[in-house]
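Student: Can we walk through how this fold is put together? I'd like to start with the strands.

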Amino acid sequence: MKRVNVLCVGKLSKSFCRDGCDEYLKRLKSFYDVKITEIPEKPTVKLECAELVKRMNGVCVLMDVKGKQVSSEELARFLSDAHMRTDEVTFVIGGASGVDDAVRQKASERISFGAVTYPHQLVRVLLCEQLYRAATILNRLPYHK
């Protein structure tokens, strides 16, 4: 089974974010081996990013407000293409203070969910939903209309 990793700084402290992620992760189990890795918040962005870089495997995608804006269909194609090259795709979500250049350089792609800034906990929910949507698109299931 293909793997999808989600690397994040910090824990989900908001119950609505935990509930949303849990729901989409449960649905994703039919399509991917999904692993969420939470990096503890550190005193500096540099220390957080050093931990992120150590765990960035396979094709790495940084969720970045300055990244390329993609549609759900484009994300699905990207995921499919990445899994043709490797079994593992890693999505990285920085903490409240963002990421440094070490993470940007290791990422093979930078993707944005739009020009607005979202709290990093909410980005995790959005990413989980979009990964599920991508899986349903690739498997021609009716979730995406």
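Tutor: Take strand 3 and strand 5 (residues 109–112): they run parallel and are joined by five bridges. Strands here are DSSP E runs of at least two residues, and helices are H or I runs of at least four, numbered from the N terminus. Two strands count as paired if DSSP finds at least two bridges between them.

Student: Is this an experimental or a predicted model, and how are residues counted?

Tutor: It is a predicted model, where local features need pLDDT of at least 70, side-chain atom pairs count only at pLDDT 80 or more, and totals for chains, interfaces and linings use all residues. Residues are numbered from 1 along each chain as its sequence is written, and side-chain values use heavy atoms, with hydrogens and water left out.

Student: Which residue stands opposite Leu62 in strand 5?

Tutor: Arg110. Leu62 also stands opposite Val92 in strand 4.

Student: How many bridges join strand 3 to strand 4?

Tutor: Four, between residues 59–69 and residues 88–93, and the two strands run parallel. With helix 3 (residues 72–85), they make a right-handed β-α-β unit. Right-handed is meant as follows: with the strands pointing away from the viewer, the path from the first strand over the helix to the second runs clockwise.

Student: What's the strand order in the sheet?

Tutor: The order is 2-1-4-3-5, in an open sheet of five strands with parallel pairing. Strand 2 (33–39) and strand 5 each have a single partner strand, so one side of each has no neighbour in the sheet. On average, neighbouring strands are turned by 30° against each other, direction ignored. Axes are lines fitted to C-alpha atoms, for helices over the stretch in contact, and angles run from 0 to 180 degrees between N-to-C directions.

Student: Switching to helices. At what angle do helix 1 and helix 5 pack?

Tutor: Helix 1 (residues 15–28) and helix 5 pack at about 20°, with their axes 9 Å apart. That makes them roughly parallel, a label for angles under 35 degrees; over 145 is roughly antiparallel, 65 to 115 roughly perpendicular, and the rest oblique.

Student: Which residues meet there?

Tutor: Among them are Cys17, Tyr24 and Leu28 in helix 1, and Leu122, Val125 and Tyr132 in helix 5. By class, the contact has 11 nonpolar, two polar and three charged residues. Nonpolar covers Ala, Val, Leu, Ile, Met, Phe, Trp, Tyr, Cys and Pro; charged covers Asp, Glu, Lys and Arg; the others, Gly among them, are polar. Contact means heavy atoms within 4.5 Å.
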